[in-house]
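The exercises below concern a two-chain model. Work through each task before reading the solution under it.

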Amino acid sequence: MIEQAAVQHPREGMVPGSRLNDFSIQVATANGSGSQSSNTVLLRSLFQMGVPVSGKNLFPSNIAGLPTWYTIRVSRHGWIGRKKEIDLLVAMNPETARQDVLGLPPGAVVVFDAPLGISSLRKDLTFYPVPFDRLVEPVTTDPKLRKLLRNMAYVGVLARLLSIEEKEVETAIGKVFGKKAKARELNLSAARAGFEWAAGGVDKVDDLKVSRLDQNRGKLIVDGNSAAALGALFAGVTVVTWYPITPSSSLVESLIGYLRKYRVSADGKPTFAVVQAEDELSAIGMAIGAGWAGARAMTATSGPGLSLMSEFAGLGYFAEVPAVIFDIQRVGPSTGLPTRTSQGDVLKAAFLSHGDTQHVLLFPGSVEECFTMGVAAFDLAERLQTPVFVMSDLDLGMNNWMADPFPYPRTPMDRGKVLGKEDLERLGGFARYRDVDGDGIGWRTLPGTDHPRAAYFARGTGHDENAAYSESPLAFEENMDRLRRKLEGARTLLPPPVREGDGAEVGILAYGSSHHAVVETRAQLREEAGLESDYLRVRGYPFSPAVAAFVSSHRRVYVVEQNRDAQLRSLLRLDLPPELAVRLRTVAHVHGLPLDARSVTDEILAQENAS
Amino acid sequence: MTTAANAPAPRTNRLGLPLTDYRGGKTTLCAGCGHNAISERILEAAFDLGIPPERVAKLSGIGCSSKSPAYFLGRSHAFNGLHGRMPAIATGAVLANRDLLALGVSGDGDSASIGLGQFSHLMRRNLPMVYVIEDNGVYGLTKGQFSATADRGATLKTGVVNDLPAIDTCALAIQLGASFVGRSFSGDKRQLAALLKAAFSHRGTALLDVISPCVTFNDHEGSTKSYAYMKDHDAPIHELSYVPAREDIAVDYDPGATVEVTLHDGSRLRLRKLEEGYDPRDRIRAMTRILESARGGEVLTGLLFVDVAAPTFVDLLGLPDAPLATLPEAMVRPPKEALDEIVEALR
């Protein structure tokens with residue numbers, strides 16, 4: 001029972017005012033009710049107040065009607081991982097209101113739609129009933145619009161209750177509704193109606209409050225899928241082939257928007273091709289075909305699509321074709337929880353396909369890294385002549401995060417080892433799969449190269465170094481050994497792990513979106529239990545030598561991940577010598593919600609106390 | 001070197017290349033396999049047309065047919081990919097480099113069974129390429145199981161009878177919007193040569209379903225894809241002659257008895273009607289006639305349908321004239337100001 005571990009929760013014994021700029025909000029609405037715009041306005045308003053903030057959409061696999069929750073965390077400490085405990089509930093959905101209220105911790109605050117009549121459910125909470133229907137009545141006569149505007153009215157109510165400046169709400173509404181003047185005016189009116197109502201008729205008795213800070217200077221708010229799309233845009237992607245699947249669709253849709261704006265040449269022609277394929281087999285097949293022919297090609301998918309891509313992934317590995325695959329992980333097995341997050345594809349992606357296939361994986365841990373790794377993936381794919389998988393997830397991909405401005409690529413595009421006509425004239429010919437440089441990477445030519453010795457026969461069948469069909473046991477083994485050497489070389493080409501802290505007995509090893517919970521966990525371990533920890537965030541597979549070094553300098557290493565079977569730990573155990581592998585411990589869960597620090601802290605302490 | 005000097009110079013094409021420059025490796029298919037004849041027709045067509053072999057990309061799936069690109073056009077790049085997935089690789093390759101002359105070689109198992117989805121979607125997209133199905137109604141590499149193009153009632157050597165209706169890849173392609181659809185027989189040298197040349201000259205997907213008997217597993221009595229069956233049932237719908245763009249031969253012909261199709265590169269396909277009222281530019285009539293022929297036990301061959309003006313996938317995507325694959329960095333990486341502008345909009 002992790003929940004009841006003997007750990008003091010931060011709110012207990014708190015002095016009044018300690019929830020200043022430090023609380024979480026959960027908004028409960030029905031899917032399709034227009035609450036997304038309202039929640040974005042709320043998030044942006046808080047962001048503009050200079051207080052670190054993060055937002056997470058917990059939505060159903062449904063277009064309209066099913067319950068949806070949006071959580072916002074405000075943290076003067078800068079914690080942007082999910083907070084497990086809810087401090088403020090906005091209850092708008094009759095279907096879930098009762099359960100939502102019953103699930104709150106003592107001391108929480110509830111702003112609710114007055115007709116729900118839920119204030120008698122608990123005595124240890126603060127309730128603010130709000131007559132939303134009455135509030136929006138003067139704003140418009142259109143009953144459909146009124147239903148949507150109720151949601152903007154709660155933004156106004158919260159702004160007043162939490163001391164968010166009204167002008168920041170107005171700025172945020174301007175940002176969200178942009179050029180849609182009518183929608184902007186209606187939403188401004190609705191927010192003002194909420195603000196004024198709360199100003200006139202509410203006695204504030206709770207301690208939740210926002211006051212202006214200056215911690216967000218220069219920062220952006222962006223989702224990881226848009227960031228990855230921008231990475232691809234600035235990587236110079238030319239062929240994008242995809243099949244829609246949640247939660248990866250918004251990556252390509254965002255990319256299409258940016259491509260249309262920034263990648264049309266002077267003569268009005270696009271410098272890219274985007275194809276919505278008939279399925280994921282075709283999507284990756286087209287990317288492999290385009291990569292073979294020399295394009296910077298990519299696809300984006302999630303678990304079920306990744307499974308379908310496996311045969312082509314093996315072809316890409318064995319025929320040595322560059323391609324970039326963005327995997328925005330959701331919860332499996334099977335269709336699983338299509339709108340919830342996980343890190344459940346790691347093991348599958350590492351060895352995707354039959355035979356001794358092995359792939360290069362990148363693990364972005366932030367939206368900034370969705371961008372930088374989005375750029376790097378294309379360079380690595382062409383340098384290593386192999387598919388590269390960018391292992392993002394739904395939490396990173398579809399939620400809005402604060403981010404530092406993205407750095408413009410510092411180095412020119414690395415197109416890898418390609419021989420052109422002049423090279424062939426000088427060399428007289430080439431052997432496609434010969435390891436002339438000792439790094440396991442051969443030189444390739446592109447189809448269409450105008451030289452009689454340029455051609456080679458790419459194939460998924462056994463081949464010798466001239467790319468000729470071969471069933472020779474020796475040739476096969478030599479080829480497979482070279483491929484292994486090539487992937488060995490990737491260890492030092494991929495983004496190195498990031499280490500924080502030194503000298504502690506306990507290490508924590510994590511990757512991807514788990515990062516945001518882990519940094520907070522380290523503070524909790526220190527403050528609540530006096531436990532120091534060092535932290536290594538892995539950013540690529542095959543692993544950097546720094547990973548083994550980190551494990552060897554710690555007695556116990558907790559591998560934190562968002563899946564049931566400790567998938568990264570499994571990869572580490574294959575990689576590390578046995579005496580190091582036994583030092584690894586597991587903190588692995590998947591339930592669909594983004595990882596929160598409290599759960600990680602409690603689990604680590606429970607294991608520490610048991611040992 | 002006196003012998004070489006005395007030997008007659010080999011015949012060369014307009015590029016000055018001899019036919020040997022269009023050859024590939026030695027075939028490993030069975031002696032007498034229809035696929036070998038098709039390989040010969042392909043390399044001769046490329047030679048006669050003076051296609052630079054370096055411009056061709058040979059693409060194939062898995063099966064006997066898909067091995068054959070190794071046996072012709074040795075100076076062309078090739079990608080022998082996955083079973084039924086040649087269309088995806090072809091699509092990616094052509095989008096990456098629109099200058100490539102893509103030549104897909106597939107089989108009836110590859111296209112009509114495992115790859116039917118990719119086949120169908122390629123036809124819809126009208127990707128510029130030549131798509132040859134070497135159709136023998138049987139799986140050769142796995143030793144003789146029926147494929148989905150086997151006719152109902154056909155038998156295997158073992159006596160097994162096919163109970164299921166055949167998928168007619170030509171009818172399907174026409175229905176799906178393909179712009180050039182022909183059927184031929186590996187044993188009809190003249191017709192196949194003309195169709196291949198016309199296919200190379202077409203702008204869009206040119207599908208050729210070529211009946212290509214499998215001498216090992218499907219050339220017996222009871223097979224509807226055997227040499228003997230084709231000799232008896234081949235029903236050419238017209239006599240075809242291909243007139244290259246460079247040859248401005250004014251031959252008198254009776255316009256009532258001949259249809260002339262001018263292809264994208266200015267070459268012409270002249271179809272002397274053997275059958276009244278057949279016009280390959282009429283999609284609906286073509287479908288009707290194919291279905292009728294199947295009912296009557298004929299194998300209708302020739303150019304079944306053509307639409308020279310159909311927009312290709314490359315047109316629809318509005319691709320630039322230069323290949324996407326080799327656009328310089330300055331054209332594909334937006335400047336720093338673009339990133340600054342995007343970042344500013346996200347603040």
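Two residues are in contact if their C-beta atoms, placed from the backbone, lie within 7 Å. The model is predicted.

**Exercise 1. Place Met413(A) in the fold and list its contacts beyond its sequence neighbours.**

Step 1. Met413(A) sits in the loop between strand 15 (400-403) and helix 15 (421-427) of chain A.

Step 2. A residue is buried with 20 or more other C-beta atoms within 10 Å of its own and exposed with 12 or fewer. Met413(A) has 18 such atoms, so it is partly exposed.

Step 3. Neighbours within four places in sequence are left aside; Met413(A) then contacts Gly236(A) and Asp379(A) in chain A, and Glu329(B) and Arg333(B) in chain B.

Step 4. Along the chain, Ala235(A) is 178 residues from Met413(A), but their C-alpha atoms are 7.1 Å apart.

**Exercise 2. Decide whether Val582(A) is buried or exposed.**

Step 1. Val582(A) belongs to the loop between helix 20 (578-581) and strand 22 (584-588) of chain A.

Step 2. The count of C-beta neighbours inside 10 Å is 12, so Val582(A) is classed as exposed.

Step 3. For a distance to a residue elsewhere in the chain, take Val506(A): it is 76 residues from Val582(A) in sequence, and the C-alpha atoms are 14 Å apart.

**Exercise 3. Compare the radius of gyration of chain A, and then of chain B, with the globule rule.**

Step 1. Chain A contains 21 helices and 22 strands. Its C-alpha atoms occupy a box of roughly 85 × 65 × 40 Å along the principal axes.

Step 2. For 611 residues a compact globule would have a radius of gyration near 25 Å, and the 26 Å of chain A agrees with this.

Step 3. In chain A, 55% of the 611 residues count as buried. Of its contacts with a separation of 6 or more, 76% join residues 24 or more positions apart.

Step 4. Chain B contains 13 helices and 13 strands. Its radius of gyration is 22 Å, close to the 20 Å given by the rule for 347 residues, so chain B is as compact as a globular protein of that length.

Step 5. The box for the C-alpha atoms of chain B is roughly 75 × 65 × 45 Å. Buried residues make up 54% of its 347 residues, and 72% of its contacts with a separation of 6 or more join residues 24 or more positions apart.

**Exercise 4. Describe the contact between domain 1 and domain 4 of chain A.**

Step 1. The assignment divides chain A into domain 1 (2-201), domain 2 (222-403), domain 3 (421-490) and domain 4 (498-610).

Step 2. The C-alpha centres of domain 1 and domain 4 of chain A are 34 Å apart. Their contact involves 12 residues from domain 1 and 16 residues from domain 4.

Step 3. On the domain 1 side, the residues are 6 nonpolar, 2 polar and 4 charged.

**Exercise 5. Why is helix 11 of chain A described as largely enclosed?**

Step 1. Helix 11 covers residues 310-319 of chain A; 9 of its 10 residues are buried, so the rest of the structure largely encloses it. Among the buried residues are Phe312(A), Leu315(A), Tyr317(A) and Phe318(A).

Step 2. The buried residues of helix 11 pack against helix 9 (280-292), strand 11 (323-331), strand 14 (387-393) and strand 16 (457-459) of chain A.

Step 3. Glu320(A) follows helix 11 of chain A and has a positive phi, near 65 degrees.

**Exercise 6. Characterise the side of chain A that touches chain B.**

Step 1. The contact takes 58 residues from chain A and 47 residues from chain B.

Step 2. Elements of chain A giving two or more residues include helix 7 (224-235), helix 9, helix 11 and strand 16. Helix 9 gives the most, with 9 residues.

Step 3. By class, this side of chain A has 37 nonpolar, 14 polar and 7 charged residues.

**Exercise 7. Describe the packing of helix 4 against helix 6 of chain B.**

Step 1. The axes of helix 4 (residues 86-96) and helix 6 (residues 116-125) of chain B come within 8 Å and cross at roughly 35 degrees.

Step 2. From helix 4 of chain B, Pro87(B), Ala88(B) and Thr91(B) meet Gln118(B), Phe119(B), His121(B) and Leu122(B) of helix 6.

Step 3. This contact has 4 nonpolar, 3 polar and no charged residues.

Definitions and conventions:
Residues numbered from 1 in each chain as written. Chains lettered and ligands numbered in written order. Predicted model: local features only at pLDDT ≥ 70, side-chain atom pairs only at ≥ 80, totals over all residues. Helix = DSSP H or I, 4+ residues; strand = E, 2+ residues; numbered from the N terminus. Rg over C-alpha atoms; globule rule 2.2 N^0.38 Å. Domains from an automatic or database assignment. Nonpolar A, V, L, I, M, F, W, Y, C, P; charged D, E, K, R; others polar. Axes fitted to C-alpha atoms, helices over the stretch in contact; angles between N-to-C directions.
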